Amino acid sequence: MASVGTAGPELRAYFSRHDLLEVYEVLLCNVIVIRPEDPLTFLEEKLKEIMEKGLDAVLRCMCIDLSLHLKLKRISETYLNTVFGLDGEQLMTEELCAKAWDFYSRNLMKLYFREWTKYNLLRKNKRKKAKQKMALAVVHYNVQVLRVIIQKWNMWVQIHKEKMTLAAKRLQQIYNKIYLNAVVKAWHAEAHNSLKTKAYFESLAKESQKDCFESNLTVRHKPSNLPEKALLQIFRYVNLVDLARCAQVSQTWMLLTQNSSLWGDINFSSVKHKVQDQIVVNTLQKWRPYVIRLNLQGCYSLHWPSFKSISECKNLQDLNISECQGLNDESMRLISEGCRALLYLNLSYTDITDGALRLLSSFPNLQYLSLAHCRKFTDKGLLYLGSGRGCHKLIYLDLSGCIQISVDGFRNIANGCSGIQDLLINNLPTLTDRCIQALVEKCQQIKSVVFLDSPRLSDTTFKALAECKLVKVSIEGNNQITDLSFKLMSKRCPYIRHIHMVDCQRITDAGLMTISPLKHILVLNIADCRRISDEGVRPLVQGSSGAKLRELNLTSCIHVTDASVTEIAQRCHELTYLNLRHCENVTDAGIEALGSMSSLISIDISGTSISDMGLRALGHHGKIKELSVSECKNISDTGIQEFCKGTKHLEYFHASCCPQLTDEAVKAVAFHCHRLTSASIAGCPKMTDTCIQYLAAACHYLHFLDVSGCIHLTDKALKYLWKGCKQLQILKMLYCRNITKQAVLKYTAKLEKQEHNDADPPSWLGYDRDGNILTFTKNHTSEPE
């Protein structure tokens, strides 16, 4: 055979089955390389070694030196083809072998890299799976731990619930016992209080009967044990009708009523509805030499005979004939002819004309003149004030409501009355800066100005008045006055004592800061100045006048808080009157600070958010005489009771629009405050006849009472007032549907003024005709405009 590679399949299979090619290859390669001397013996030894050890155990080149190894690579099945040149066309050079080796190594490297990549991916997947298994294990572990915790917590909750149930049962038992004890104690206290109240009213009834018996006995047998001077002082406060009645008591009292000192001051105004010309004529004819002061205000039924009698009072110095409808120029002529000594003259609300003003020159000593709301005189009439003898000594002038006066009229006043010190010009919407400038040009001594409801005035007015060294300033309802006016006062009015700036919306904290250095301010009223806050009030109180301030009104200053109130309590040691009405940010904290002010006599905290705690603190020092807590929804009967326990001198008590208050609050006021003169419980639907019974039994000095909206009051309330409150003068009973008109006519005939209707309470009171509290919608207004 030329080549083993060309052999048939059977032969090739035979060679392959017995590994003959490998045996031949080993033997021949060794012989060729080693070249032994005896090749046959060499071959025989190698064959024996192969037979003994096996072909695999015999290294092909084990006997060949490394330097003799073939440099050719086997590229066929065996080296024999290469050795014997059987495949001459397949012999490779070193260069081809290097290329073949590179190719082989690259393929081998690719194979290895591929397998290495597979291996790394396998390890990565194993790690990922292990991580996932570990995460599942952690979750499983946490779930198991949480299950154990929940089981233990559930057991604890069950045990705790059982304990709570047992404790609740025990507490309920204790509460029932305490509640039962409280009910029994309250019932016992109420029964004791009822007995005490009954005994109190019985004692009052016995005392009143005893007093009536003693007074009757005194009248019949002995007029009085008081000295004559004391009786005279008492008679000075009695009106003319009662003085006439006193003259009928006894001869002693009749002689005392004829004392000339009682007739120097005659006041017909207190009985104006009963005064007729004949009474005035008889009285003045008898006492005309002694009459110094005469008041006929509101006596509309007087005519020429009365004014003729007035003219005969040569020593008359003070005459008030305001609102006398019968007064005219002719009447004034009679008075001017006889009363040359007049110092005070009040002609307000009369129909006098320029002719009457011309007669004022007949009063050379006239100092005080009021022409308020006299609409029939003109600027020409004011010219007469300075003509001739004129009213050159006039120091007080009231021109309120005289809308017919122009700038020329004020110039006429300035020319004739340059000594004016007090100027009142209220309710004059036509008043302008030019009017005041014309007046101030020559009236440099003005100390007090009052401009209420004069909206057209501005800072220019105060620039002109700054030259007058003002002591008192009052202005109200003005939107043009700014902080500049306060600045002018601070610089040019160092002695100002009274500042009344109400409803001036352009006044700010800066204005209050500018007047804080003033040293003599006693009265400050900045009500309805809504831009005022703590930033202005605190510096003012800390200023030079803080310790001297006596009256302070901060009504509706909604930005004022407890900080200002506390500062007021600490600084204003002489403050007697404080108004915090509708200061929404004032709470118990500020009111408690006011409880330590021993000087405070009057306080208005209506519309604030105070509660019983604040009222209790306010009543500590016990000197409050006037208290207003209207529209305070957080106070209760308890707060009123605590306040009244510490305050015995209360004279003015207003608690209107407090629907939560009951008879107990009025009971506390009546039992502790016997000096009460003015009371208002309007808008308190829970009040009944019992509260009026308390007031009538204890408060005998009551002059004013407002029970409007007390829907449960009946005719019995009027009967109690008729018996107990003999000095009651004004009674308001609006929206009292259970009080009949017959009872009103019967029991209120002697009152000076009474108002009554039986209509249902309006919605702005906050409750219906049965006393049920109303719920308002967001856009519903609860109070009238």
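Buried means under 20% relative accessible area, exposed means over 50%, and partly exposed lies in between (1.4 Å probe, protein chains only). This is a predicted model, in which local features need pLDDT of at least 70 and side-chain atom pairs count only at pLDDT 80 or more, while totals for chains, interfaces and linings use all residues. Residues are numbered from 1 along each chain as its sequence is written, and side-chain values use heavy atoms, with hydrogens and water left out.

**Whole chain**

Start with everything shown. Of the chain's 785 residues, 42% count as buried. Colour by secondary structure next: there are 27 helices and 20 strands. Both are DSSP runs numbered from the N terminus, helices being H or I with at least four residues and strands E with at least two. Now think about contacts, meaning heavy atoms within 4.5 Å. Among contacts in the chain with a separation of 6 or more, 71% are between residues 24 or more positions apart.

**The largest nonpolar core**

A nonpolar core is a set of buried Ala, Val, Leu, Ile, Met, Phe, Trp, Tyr and Cys residues joined through side-chain atoms within 4.5 Å. Select Ile310, Ile321, Met332 and Leu627. Of the 174 residues in the largest core, these four touch the most other members. Helix α25 (residues 689–698) contributes the most to this core, with six residues.

Zoom in on Ile310. Leaving aside neighbours within four places in sequence, Ile310 is in contact with Leu284, Leu294, Leu296, Leu316, Leu319, Ile321, Ile335 and Cys339.

Then go to α25. This helix is mostly covered, with eight of its 10 residues buried. The buried ones are Asp689, Cys691, Ile692, Tyr694, Leu695, Ala696, Ala697 and Ala698.

**A buried asparagine**

Select Asn412, in helix α14 (residues 407–416). Asn412 counts as buried, at 15% relative accessibility. Set aside its neighbours within four places in sequence, and Asn412 is in contact with Asp379, Leu382 and Leu383.

**The second largest pocket**

On a 1 Å grid over the protein atoms alone, a pocket is an open set of points where a 1.4 Å probe fits, with protein on both sides within 12 Å along at least five of seven lines; lining residues have an atom within 4 Å of a point. Select Lys726, Leu728, Lys750, Leu751 and Glu752. Of the 27 lining residues of the second largest pocket, these lie nearest its centre. Helices α7 (240–246), α26 (715–724) and α27 (741–747) are the elements that give two or more residues to the lining.

**Cysteines**

Show the cysteine sulfurs. Cys557 is buried, at 0% relative accessibility. Move to Cys673: its sulfur is 4.3 Å from the closest cysteine sulfur, in Cys644, again too far for a bond. Cys673 is also buried, at 0%.

**Two positive phi values**

Most residues other than glycine have a negative phi. Select Glu631, in the loop between β15 (626–628) and α23 (637–646). Phi of Glu631 is positive, near 60 degrees. Glu631 is partly exposed, with a relative accessible area of 22%. Finish at Cys657, in the loop between β16 (652–654) and α24 (663–672). Phi of Cys657 is likewise positive, near 60 degrees.

Definitions and conventions
A disulfide is a pair of cysteine sulfur atoms within 2.5 Å.
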